[in-house]
Amino acid sequence: MLIPVTAMPVAGILSRIASDDMLNLPLLKAAGDIVFGNMDILFALGAVVAFAKAKDKVSPIVASFLSILILKSTLAALDDTIGMGIFAGIIVGCFTAWIFNHSKDWITPKIFDFFTGEKFVIILAPIATVGLGYVLSFVWPPIQMLLDGFAIGIAKLGALGVFIFGFLNRLLIPVGLHHVFNSYIYFNLGSFTQPDGTVVTGEMTRFLAGAPTAGLFLSMFFVVMMFGLPGAALAMYQCAKKRRDEVKGLMMSAAITSFVTGITEPLEFSFMFVAPQLYVVHALLTGLAGAVCYLLGIRLGFSSGGNIIDMMLNWGLGGNVILLIPVGLVFFALYYLLFRFLITKYDLKTLGREEEFIDSVEITEEEKNATLSNKNYAYMAKKIVENLGGAGNIENMGKCMTRLRVETKDASLMNLDKIRQMGVKGVVTLSDTSIQIIIGSEVHNIMSEIEQIL
């Protein structure tokens with residue numbers, strides 16, 4: 001689901017700077033708006049990339065693209081009142097990946113060799129999607145009514161509804177389900193008809209299109225990402241008992257990342273598992289920020305995240321945006337004071353406060369230096385693969401914005417303690433063979449080196 005989100009910043013910037021109140025360039029605005037008008041296609045591509053089991057995913061990507069177009073035309077022919085939005089893309093992407101994973105090894109008569117193997121999905125998926133569309137024409141309408149009821153219910157709750165959204169948005173991050181929860185709010189909640197007759201849906205897309213009521217569900221993220229989490233970072237640094245220079249560097253870089261880009265995972269993962277109490281407080285404060293912004297009528301949206309760039313670009317589209325600054329300063333103080341109090345009161349083991357780790361296996365000096373700070377990506381990649389049991393033990397590996405997501409064949413071959421000692425920000429065990437290695441924003445460099453090894 002990060003693929004469509006990744007595509008949105010450039011679209012949002014193009015659309016915004018080309019608006020009537022800025023450069024007034026209709027051609028440029030149309031270029032940006034085309035992304036928001038095809039979010040279902042982007043989600044279809046994102047889902048098939050996530051679940052298709054192959055190193056070369058060109059064939060399933062082509063099949064998914066064709067299939068989402070066929071599903072949309074099939075539903076329009078059967079019942080033009082059905083509006084699946086991004087869910088059409090997610091379902092088609094998963095459906096195409098399932099067909100690909102099961103059909104790529106089928107044996108067919110030699111005359112059909114050109115069409116079988118990994119290319120078989122390009123024929124099978126579009127044909128099967130016609131049937132899928134027929135089934136969804138019956139299945140989706142009641143689901144659509146339920147989702148619409150959920151959206152209306154959240155909206156009717158006012159400040160409480162925004163609080164619930166903000167709280168769950170943060171609370172679901174550890175299991176990765178926040179993207180699922182966000183997607184409906186961001187891309188399906190509400191609708192707005194633009195002057196040219198184009199209808200857009202979702203808090204994020206409606207705000208960028210100029211809807212006068214959009215942005216109430218999004219303004220909280222500017223408070224948390226630009227002010228709140230940096231306050232938490234300062235508290236954790238000041239509470240550190242050892243390695244203070246290292247903690248200072250990590251907290252400063254994570255806080256700047258949150259402020260400038262809106263990417264919060266490097267900072268959140270630094271306390272999420274070692275001090276879950278702090279993370280619950282963080283989720284509650286996010287919801288509280290949403291409620292406060294709602295009650296003050298603060299409206300501000302984004303294309304990439306609640307960061308300083310989006311704030312400056314979208315200031316003119318919002319409402320009462322100036323109030324974000326005093327509210328943000330209050331939440332900076334709240335985060336700082338609450339985090340510092342809880343860390344010292346309950347001796348929480350945040351960075352620089354951990355117990356000494358004693359390892360029975362000798363750690364070489366070279367390995368001690370293999371941290372993200374020394375930019376030795378090639379060596380880190382080599383050691384990560386080695387401690388995952390070697391290239392032959394890796395079933396599948398991918399990355400998101402901050403994490404390596406790994407599926408292995410034999411859990412007994414992995415040495416997670418050695419991986420933790422390499423300067424990564426954490427290791428999350430989802431099952432015996434499924435782990436996530438928290439790297440931070442440099443995950444792309446590490447993944448590039450690992451891909452060369454594999």
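**Helix packing around H10**

Good morning. Helix H10, residues 219–239, packs against helix H13, residues 276–295, at an angle of about 130 degrees, and their axes lie 8 Å apart. This is a predicted model, in which local features need pLDDT of at least 70, side-chain atom pairs count only at pLDDT 80 or more, and totals for chains, interfaces and linings use all residues. Residues are numbered from 1 along each chain as its sequence is written, and side-chain values use heavy atoms, with hydrogens and water left out.

Helices here are DSSP runs of H or I with at least four residues, numbered from the N terminus. Axes are lines fitted to C-alpha atoms over the stretch in contact, and angles run from 0 to 180 degrees between N-to-C directions.

H10 and H13 are therefore oblique to each other; angles under 35 degrees count as roughly parallel, over 145 as roughly antiparallel, 65 to 115 as roughly perpendicular, and the rest as oblique. The crossing of H10 past H13 is right-handed, that is, the near helix is turned clockwise from the far one by less than a right angle. On the H10 side, the contact (heavy atoms within 4.5 Å) is made by Ser219, Met220, Val223, Val224 and Leu229, and on the H13 side by His282, Thr286, Ala289, Gly290 and Cys293. These residues divide into 6 nonpolar, 4 polar and no charged. In this scheme Ala, Val, Leu, Ile, Met, Phe, Trp, Tyr, Cys and Pro count as nonpolar, Asp, Glu, Lys and Arg as charged, and the others, Gly among them, as polar.

Cys94, at 33%, counts as partly exposed. How many disulfides does a search of the whole structure find? The search finds 0, a disulfide being a pair of cysteine sulfur atoms within 2.5 Å.

The axes of helix H7, residues 159–171, and H10 come within 11 Å and cross at roughly 45 degrees, which makes H7 oblique to H10. H7 contributes Val162, Phe165, Gly166, Asn169 and Arg170 to the contact, while H10 contributes Met220, Phe221 and Met225. By class, this contact has 5 nonpolar, 2 polar and 1 charged residues.

Finally, Arg206 is found in helix H9, residues 203–208. Is Arg206 buried or exposed? At 7% relative accessibility, Arg206 counts as buried. Leaving aside neighbours within four places in sequence, the contacts of Arg206 include Phe192, Val200 and Thr213.

Note on methods. Helix = DSSP H or I, 4+ residues; strand = E, 2+ residues; numbered from the N terminus. Buried < 20%, exposed > 50% of the residue type's maximum accessible area, 1.4 Å probe, protein only.
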